[in-house]
Amino acid sequence: MDKLVYLDNSATTKISESVLSAMMPWLTEQYGNPSSLYTIGREAKAAIDHAREQVAAAIGAKPREIFFTGCGTESDNWAIKGTAHRLAQRGKKHIITSVFEHHAVLHSCQALEKEGFEVTYLPVDSEGYVNPADVEKAIRPDTALVTIMYANNEIGTIQPIKEIGRICREKKVWFHTDAVQAIGNVRINVEEENIDMLSLSGHKIHAPKGVGALYIRQGIFLDNFMDGGAQENRRRAGTENLASIVGLGQAMEDAHQGLEEKAARLTALRDRLMDGLLAIPHTRLNGGRDNRLCTNVNISFEGIEGEGLLLWLDMSGIAASSGSACTSGSLDPSHVLLAIGLPHGIAHGSLRLSLGRYNTDEDVDKALEVIPAVVEKLRAMSPVWQRIAQNS
Ligand code: PLP
């Protein structure tokens with residue numbers, strides 16, 4: 001079997017050598033509980049403190065503003081539900097978000113609606129961007145939180161976060177952003193971008209699965225996520241996932257070293273891949289070209305099913321995705337593609353390719369050799385395609 005061409009880095013990434021070697025001691029000899037007072041416990045605590053500093057430094061935060069969590073989903077749940085429950089005590093029971101957030105955000109909002117909170121779901125334009133003026137218009141005296149993702153996980157569009165943050169600051173409304181896909185691809189500074197809370201996840205940046213973090217600006221008090229021991233400044237109890245936290249710290253440091261050079265290399269790869277696929281007739285790019293993650297290509301091919309395409313690509317040694325990883329297995333068209341106005345039929349024929357640190361020119365060559373041939377094969381078998389071809 002040829003080398004796997006892994007083009008699904010938005011679903012998850014390979015653990016890097018540097019992350020693995022940073023983690024190893026904490027999985028083997030250094031097994032102390034960070035809450036214990038003897039030497040190996042104190043060393044474990046120091047390792048967590050160092051990881052907290054690494055995460056904070058990468059986003060322009062203070063170490064005490066970083067809280068480790070079990071994943072990006074947990075960080076989103078905590079920011080949204082923790083804010084809602086805290087500010088409901090002051091009569092603020094309204095939340096603003098967008099229709100194309102990750103389900104970690106959408107389902108958290110829906111759960112709050114069942115508890116009596118009101119949620120405004122802002123639309124996005126046909127290119128996949130939220131309009132800050134819509135955020136401003138939607139804010140009410142009882143608005144507790146605005147939560148808008150930094151970059152979309154399916155179509156890679158980067159939102160005007162600094163401007164939305166400015167509006168929220170002016171209106172004195174807390175602002176959370178889900179930056180799970182943006183971290184490591186975009187240089188983020190929470191201070192400069194007026195961000196009050198930010199969610200991130202380890203496994204998208206070459207750290208292990210099952211670790212994340214929530215940045216909570218000093219002065220913001222949410223309800224605790226978990227009650228129990230004194231971990232995470234008493235706000236998220238539970239013995240820490242020591243080795244993974246160390247891995248996340250290392251991954252954040254690695255991701256932010258030389259970020260601009262890495263992004264320039266990936267942008268060139270992305271554009272070659274994108275333009276090569278758009279040369280196939282009856283295709284369209286989903287999401288705008290400007291302000292787009294350097295890693296994301298999302299294209300619809302008329303007349304075929306994304307699932308069929310994925311299976312053929314898998315047989316050719318290419319791993320890709322037809323929607324977000326969390327919804328794959330469901331045959332409903334992606335809520336993100338419907339939000340930008342794609343008809344169901346076209347949304348079904350979409351492919352997300354997401355690049356990462358380990359992708360090379362040869363990977364793009366292989367994708368550009370295989371995908372057009374598979375699309376042609378599937379179209380030859382598709383009655384829908386026959387109709388499209390006849391009418392064009
Ligand atoms: N938010 C976004 C934008 C994501 O893409 C994902 C995962 O795909 C998550 C949240 C959830 O992160 P995790 O897998 O760490 O729970």
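This is a predicted model: local features need pLDDT of at least 70, side-chain atom pairs count only at pLDDT 80 or more; totals for chains, interfaces and linings use all residues.
Colleague: Start with the ligand. Which residues come nearest?

Modeller: Thr73, Asp178, Gln181, Ser201 and Lys204 come nearest, out of 13 residues around the ligand.

Colleague: Which helix gives the most to the shell?

Modeller: Helix 3, residues 72-88, with three residues.

Colleague: And how do the residues of the shell divide by type?

Modeller: Three are nonpolar, seven are polar and three are charged.

Colleague: Back to Ser201. Is it buried or exposed?

Modeller: Ser201 counts as buried, because its relative accessibility is 2% and the cut-off for buried is under 20%. Ser201 lies in strand 7.

Colleague: What does Ser201 touch?

Modeller: Gly72, Val180, Val211 and Gly212, leaving out residues up to four places away in sequence.

Colleague: Ser199 next. Where does it lie?

Modeller: Ser199 lies in strand 7. Its relative accessible area is 0%, so Ser199 is buried.

Colleague: Which side chain does the side chain of Ser199 make a polar contact with?

Modeller: That of Asp76, at 2.8 Å. Leaving aside neighbours within four places in sequence, Ser199 is in contact with several residues, among them Gly72, Ser75, His176, Thr177, Asp178, Ala213 and Leu214. Ala179 is in contact with Ser199 as well.

Colleague: New topic, helix 2. What should it span, and why?

Modeller: Helix 2 covers residues 39-59, which is 21 residues.

Colleague: Which residues of helix 2 are buried?

Modeller: Gly41, Ala44, Ala47, Ile48, Ala51, Arg52, Gln54, Val55, Ala56, Ala58 and Ile59.

Colleague: Why would residues three or four places apart point the same way?

Modeller: An α-helix has 3.6 residues a turn, so residues with that spacing point the same way.

Colleague: What covers the buried residues of helix 2?

Modeller: The cover includes helix 1 (17-27), strand 2 (66-69), strand 7 (197-201), strand 8 (212-216) and helix 7 (242-256). Just after helix 2, Gly60 takes a positive phi of about 70°.

Colleague: Now helix 4. What is the distance between its end C-alpha atoms?

Modeller: The end C-alpha atoms of helix 4 are 16 Å apart. Helix 4 has 12 residues, 103-114, and should span 16 Å at 1.5 Å a residue, so the two agree.

Colleague: Which of its residues are buried, and what covers them?

Modeller: The buried residues of helix 4 are Ala104, Val105, Leu106, Ser108, Cys109 and Leu112. Their cover includes helix 3, strand 3 (94-98), strand 4 (118-122), strand 5 (143-147), strand 6 (174-178) and helix 10 (335-339). Just after helix 4, Gly116 has a positive phi of about 105°.

Colleague: What does Leu106 touch?

Modeller: Ser98, Val99, Glu101, Tyr121 and His335, not counting residues up to four places away in sequence. Leu106 counts as buried because its relative accessibility is 6%. The C-alpha atoms of Leu106 and Lys81 are separated by 12 Å, at 25 residues apart along the chain.

Colleague: Last one, backbone. Which residue other than glycine has a phi near 60°?

Modeller: Lys172. Lys172 lies in the loop between helix 6 (161-171) and strand 6. At 69% relative accessibility, Lys172 counts as exposed.

Colleague: And what is phi at Glu232?

Modeller: Positive, about 45°, although Glu232 is not a glycine. Glu232 is in the loop between strand 8 and helix 7. With a relative accessible area of 6%, Glu232 is buried.

How values were computed
Residues are numbered from 1 along each chain as its sequence is written. Side-chain values use heavy atoms; hydrogens and water are left out. A residue is near a molecule or strand if one of its heavy atoms lies within 4 Å of it. Helices (H or I, at least four residues) and strands (E, at least two) are DSSP runs, numbered from the N terminus. Ala, Val, Leu, Ile, Met, Phe, Trp, Tyr, Cys and Pro count as nonpolar, Asp, Glu, Lys and Arg as charged, and the others, Gly among them, as polar. The expected span of a helix is 1.5 Å times one less than its number of residues. Buried means under 20% relative accessible area, exposed over 50%, partly exposed in between (1.4 Å probe, protein chains only). Contact means heavy atoms within 4.5 Å. A polar contact is a pair of N or O atoms within 3.5 Å; within protein, one must be able to donate a hydrogen and the other to accept it, and residues adjacent in sequence count only if both atoms are side-chain atoms.
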